[in-house]
Amino acid sequence: MIKVLIADNHPIIRMGVTNVLESANGFEIVGAVSTTSELFDKLETSSPDVVMLEMDIPEINGIATLRKIKKEHPSVRVLMYSGQSEDVYALSTIRAGAFGYLSKASDIDYIITAVKKVSEGNMFITNELAQRLAFDEGTQKPRRFFRKLSTREVEVLKLLASGKRNKDVAIGLNLNEKTVSTYKARLMKKLNVDNMVDLLQQAKALELY
């Protein structure tokens, strides 16, 4: 049974999401709150697997609330759920520690899929968002990080994602350590990031490994 805590300041949204999840098998709603103070009070008395968090919930903004949840309740997985643009906020919230981002404009079926995926510790973004992220808003040209990764790049990325150091990756793939550094730099360029944390978050969010 997946325990879900809904945090949204709109009563109709709370009711609607509750009805959708309770009508499906395998979900238990452990609470539905409208403010961040109510949210943290509820987190002290319940043990949800997933928090569905509205970006604009009152008192503390969504990303600050997300970071506080990650710090005080690290085992809880957060799915951001918002009317705000996916293009603008999805990856920034995922970098801040969310396991996914779901627009309120998405199909209802996505709610069930998203909560299940997040509860399993997997990242969730909609297929539509993944498609839109493939294009730069200004030029409409494909973004660098959607260029197809080579097989060797994927191998390097998987080992880095598992926590291996450059030296261990080099040994595992029978490569020169300097070559691994070159692959890492190339991956960062393709995924449009400048550090390892964002590299792994970006790759996982976009399901590139």
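The model is predicted, so local features need pLDDT of at least 70 and side-chain atom pairs pLDDT 80 or more, while totals for chains, interfaces and linings use all residues. Numbering starts from 1 along each chain as its sequence is written, and side-chain values use heavy atoms, without hydrogens or water.

**Stop 1: H2 and H3**

Select residues 36-45 for H2 and 62-72 for H3. Helices here are DSSP runs of H or I with at least four residues, strands are runs of E with at least two, and both are numbered from the N terminus. The two axes come within 12 Å and cross at roughly 15°. That makes H2 roughly parallel to H3. Axes are lines fitted to C-alpha atoms, for helices over the stretch in contact, with angles from 0 to 180 degrees between N-to-C directions. Under 35 degrees is roughly parallel, over 145 roughly antiparallel, 65 to 115 roughly perpendicular, and the rest oblique.

Now show side chains. From H2, pick Thr 36, Leu 39, Phe 40 and Leu 43; from H3, pick Thr 65, Lys 68, Ile 69 and Glu 72. These residues make the contact (heavy atoms within 4.5 Å). Colour them by class: four are nonpolar, two polar and two charged. Nonpolar covers Ala, Val, Leu, Ile, Met, Phe, Trp, Tyr, Cys and Pro; charged covers Asp, Glu, Lys and Arg; the others, Gly among them, are polar.

**Stop 2: Thr 36**

Stay in H2 and centre on Thr 36. Is Thr 36 buried or exposed? Thr 36 is buried, with a relative accessible area of 1%. Buried means under 20%, exposed over 50%, and partly exposed in between, with a 1.4 Å probe and protein chains only. Leave out neighbours within four places in sequence, and Thr 36 is in contact with Ile 57, Pro 58, Glu 59, Ile 60 and Thr 65.

**Stop 3: Ala 32**

Go to strand S2, residues 27-33, and pick Ala 32. Ala 32 is partly exposed, at 41% relative accessibility. Ala 32 touches Leu 5, Ile 6 and Arg 14, not counting residues up to four places away.

**Stop 4: the aromatic pair**

How many aromatic pairs does a search of the whole structure find? One. Select Tyr 110 and Phe 124. Their ring centres are 5.9 Å apart, with 65° between the planes, an edge-to-face arrangement. Rings of Phe, Tyr and Trp (its six-membered ring) pair if centres lie within 6.5 Å; planes under 30 degrees apart are stacked, over 60 edge-to-face, and the rest tilted. Tyr 110 lies in H5 (residues 109-119) and Phe 124 in the loop between H5 and H6 (127-132), so the pair ties together parts 14 residues apart in sequence. Tyr 110 is buried at 15% relative accessibility, and Phe 124 is buried at 3%.

**Stop 5: H8 and H9**

Select 166-173 for H8 and 177-190 for H9. The axes come within 8 Å and cross at roughly 110°. That makes H8 roughly perpendicular to H9. Show Asn 166, Lys 167, Val 169 and Ala 170 of H8, then Glu 177, Val 180, Ser 181 and Lys 184 of H9; these make the contact. By class, there are three nonpolar, two polar and three charged residues.

**Zoom out**

The protein chain has ten helices and five strands. Of its 209 residues, 47% are buried. Among contacts between residues at least 6 apart in sequence, 59% join residues at least 24 apart.
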